Amino acid sequence: MNGIKEQAKNLIAYAQEKLELKERDGEYKTNRLLEIMQSGLEGAELEDAVYGELSLLPSETDERFAEIMKENGSKAATEWLYNYCVYNKYVKKDVLDKNPRFDTANGLTITINKAKPEFRDPKKAKAGNSVDGGYAKCVICRENEGFGAKNKRNLRTVSITLGGKPWFWQYSPYGYFHEHGIAVNCEHTPMNIDRQTFVNLLDFVDKFPHYFIGCNAPLERIGGSVLAHDHYQGGGEILPLHRAKIKTKIKDNKYSYVTVGILDWAGTVIRIKSDKRNEVVDIADRLREAWINYSDWGLGIIAKDSNGIHNAISPTVIKTVNGYEMNVILRSNVTSKEYQDGVFHAHPEYHSIKKESIGLIEAQGLFILPGRLEEELSAVERLIESRQPLPEKYAQFGLVYDETKALYESGKYKDVHTAMREELGSICYRILENTAVFKEEEDLMRFLKTAGFEI
Ligand SMILES: [Zn+2]
């Protein structure tokens, strides 16, 4: 008993320092902890239960967040919340910090995700991992806040309003970039992109101008892992796509003075820059509507067929001193006999590196590669270094082996590991090119004309 009393005492001291536990509640919480610690829970579940008990109630979290927002602004408020979620162990920052992460010469960022299993089944995304008829309709419903069966006793969210409707914001336990979070509709309603989406995204960056926010395409194979529940992804990092420049300016027929252009980017992206919300919403929504109805069979673009709708957009916005920068990424999930995982998906020769859906985060140039690669690729590096051929069990890495070997032998890189990182950057770039619905600018221009733009 003494051992666990000591542990409880230390935890209470920690909670008073980091989790805003009030002095008056110390003894009460000690008793609660002793009960939990003797309940038979173990490992991650025990940690979840302990920190869930020591955390502020959701209503108190909301109040603190609003109070900091009022006194010190939204940046201070999100900083407080993020740190709180690290202190209460919901955000597994120590695990995240161990993920290898690097920038490549072509401007992309790559991280190898050792924390989360590879997710390869697009059908699961549609269902949103829901347990049929179960409590909490999906993994991101707000009912999960404090839910023991899903180890979310320490999850805390804050209320926000987007487009006049109740939404909430929470951080991802295994985020991929600085302060990676999701804005979630309080109602369990499917992912959908329409005019209101742009309004909501602008509302978000008006409130949190230090964050970007974007929305996955609401179709399987090109969207996120949860399509059953409307949500956006955002956070405190400027991603490679946001740093890209406009390469060709185009003129909007209605708002001829607004800067609109084709982005210098491997995927197909149109950027709209304006400090007027209605202009951004109007132009972006016109693009959306034109794209979801557009077909060019010669290019493999098919808006709709017996398999359903194939065209969708994925918008992502930042706010700068000059106003909003809304990027509209054109996507298609169409499949063919040759490309059964998607014509505009990573092609099969790259599947040893990335087979999962190329969602919003990757489309913005931050690639999350599966954890298994760390070991596999270092084995390939050792083979190259010792001039050994590739054994049968690594046959899927034939392309990576050949190209990394050539890079290494060119003498441009200080070691084989550096050459391998550049090779990964190059493959990810080619994957983004695979996702581009228009490979040639003249084809894209033909579409843009139908949407009311001129050069
Ligand atoms: Zn839900």
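Strands β8 (residues 246-252) and β9 (residues 259-263) pair in the antiparallel sense over four bridges; strands here are DSSP runs of E with at least two residues, helices are runs of H or I with at least four, and both are numbered from the N terminus. Two strands count as paired if DSSP finds at least two bridges between them. Within this pair, Ile 250 stands opposite Val 260 in β9. All of this comes from a predicted model, where local features need pLDDT of at least 70, side-chain atom pairs count only at pLDDT 80 or more, and totals for chains, interfaces and linings use all residues. Residues are numbered from 1 along each chain as its sequence is written.

Now step back to the sheet around that pair. It's an open sheet of 11 strands with antiparallel pairing, and the order reads β3-β4-β5-β7-β6-β13-β14-β10-β9-β8-β16. β3 (158-162) and β16 (453-454) stand at the edges with a single partner strand each, so one side of each has no neighbour in the sheet. Helix α8 (residues 195-207) packs on this sheet, touching β3, β5 (181-185), β6 (212-214), β7 (231-235), β13 (311-320) and β14 (323-332). The direction of α8 makes about 25° with that of β13. Touching here means contact: C-beta atoms, placed from the backbone, lie within 7 Å.

There's another open sheet to find, with three strands in the order β1-β2-β15 and mixed pairing. Its edge strands are β1 (101-103) and β15 (366-370), each pairing on one side only. Ignoring direction, neighbouring strands of this sheet are turned by 20° against each other on average. β2 (residues 109-113) pairs with β15 in the parallel sense over five bridges, and the bridge partner of Thr 111 in β15 is Ile 368.

Helix α1 (residues 2-18) packs against helix α2 (residues 26-37) at an angle of about 130°, their axes 9 Å apart. Axes are lines fitted to C-alpha atoms, for helices over the stretch in contact, and angles run from 0 to 180 degrees between N-to-C directions. α1 and α2 are therefore oblique to each other; under 35 degrees would count as roughly parallel, over 145 as roughly antiparallel, 65 to 115 as roughly perpendicular, and the rest is oblique. Among the residues making the contact are Ile 4, Leu 11 and Ala 15 of α1 and Thr 30, Leu 33 and Met 37 of α2. By class, this contact has eight nonpolar, four polar and one charged residues. Nonpolar covers Ala, Val, Leu, Ile, Met, Phe, Trp, Tyr, Cys and Pro, charged covers Asp, Glu, Lys and Arg, and the others, Gly among them, are polar.

α2 also packs on helix α3 (residues 43-54), at about 165° with axes 10 Å apart, which makes α2 roughly antiparallel to α3. Lys 29, Arg 32, Leu 33 and Ile 36 of α2 make the contact with Ala 49, Val 50, Glu 53 and Leu 54 of α3. That contact has five nonpolar, no polar and three charged residues.

How far can you trust the picture? pLDDT is the predictor's confidence in each residue, from 0 to 100. The chain's mean pLDDT is 94, and 96% of its residues reach 70 or more. Over residues 124-132, though, pLDDT stays under 50, and the model has 23 contacts beyond four places in sequence for them.

Note on methods. Two residues are in contact if their C-beta atoms, placed from the backbone, lie within 7 Å.
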